[in-house]
Amino acid sequence: IEWTSSVLRNSNNLSNTVLQGPGTGEFIAFPVGPPSASKLIWATTYPSQEPPSSKDNEWDVLQTKNSDLLMHSILPQFPDTHPIHDLVAHTEQNRILHFGLYHRKHKTTWFRGNVVLLGDSCHATLPYVGQGANQAIEDAIVLSDCLDSHLKSTSSSRMSSASNEKYAQVFQEYYNRRFQRTKRVVTIANIMNTLYHSKNVFVQYFLDFILSQVLSGGLMFKQIEKEIVEECPVKDYGRYRHDKHI
């Protein structure tokens, strides 16, 4: 959306907004670009038992069928005070993308021969803990560390001819170091998906309790902090600063 509407700026205070359940999923909105040409990006989730489109390419503008679905089935799921109603009204139909988020089983095979997987290709993560990209970055750093420790004595001329057995050792260590960590993160995201979209009043009360604990820095916050931050395998953050002089 063109981030110039005073209605959007003043009535909803949507700059850098995150709304999380209960029962209405997760909603985010944030401005991008310079002030003179700023645009508002927004997204929301809702539960569904089937894909939003029968087309092969889900990353597409709303078709007539999906437009009707949005107006008559999806929007009524949100309270009248939810900002999505104003945002849909201010967004051109051809600017709305409608696609599915899927629960994927954690893969138990991450490599074969000289090919190794990382990120969503081996541990696809729902977006409810904001860890998809982070886990892929951690994968890359751990994999590079494994390659370095196993092959640092191998000259560049011999690197390309390193045996499959050598690479298998590297990839197995990478897998051993990353599997449990990524599985826990994926599990947390799956649990939050269930909590955010549940219509069960007791589950919603439980989610309220969890979010209040997180926001107040309570025990739940400390548990999440331990898993996401303290258990992170990357400790020397300064080494990877984007502005570090090389």
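A: Happy to. For sorting the lining, Ala, Val, Leu, Ile, Met, Phe, Trp, Tyr, Cys and Pro count as nonpolar, Asp, Glu, Lys and Arg as charged, and the others, Gly among them, as polar. Please keep in mind that this is a predicted model.

With those classes, the lining of the second largest pocket divides into 17 nonpolar, two polar and three charged residues. The space in this pocket comes to about 620 Å³. It is lined by 22 residues, and Val129, Met192, Val214, Met220 and Ile224 are the closest to its centre. The largest share, nine residues, comes from α9.

Two of these helices, α8 and α9, also pack against each other, at an angle of about 75° and with their axes 6 Å apart. Angles of 65 to 115 degrees count as roughly perpendicular, and α8 and α9 are therefore roughly perpendicular to each other. On the α8 side, Ile210, Gln213 and Val214 make the contact, meeting Leu219, Met220, Phe221 and Ile224 of α9. By class, the residues of this contact are six nonpolar, one polar and no charged.

The side chain of Arg177 forms a salt bridge with that of Asp145, at 2.9 Å from N to O. Asp145 belongs to helix α5 (residues 132-151) and Arg177 to α7, so the pair ties together parts that are 32 residues apart in sequence. Across the whole structure, the search finds eight salt bridges.

Definitions and conventions
Residues numbered from 1 in each chain as written. Predicted model: local features only at pLDDT ≥ 70, side-chain atom pairs only at ≥ 80, totals over all residues. Heavy atoms only, no water. 1 Å grid on protein atoms, 1.4 Å probe; cavity = no way out; pocket = protein on both sides within 12 Å on 5 of 7 lines; lining within 4 Å. Points joined across faces, edges and corners; volume = space filled by probe spheres on them. Helix = DSSP H or I, 4+ residues; strand = E, 2+ residues; numbered from the N terminus. Axes fitted to C-alpha atoms, helices over the stretch in contact; angles between N-to-C directions. Parallel < 35°, antiparallel > 145°, perpendicular 65-115°, else oblique. Contact = heavy atoms within 4.5 Å. Salt bridge = Lys/Arg side-chain N within 4 Å of Asp/Glu carboxyl O.
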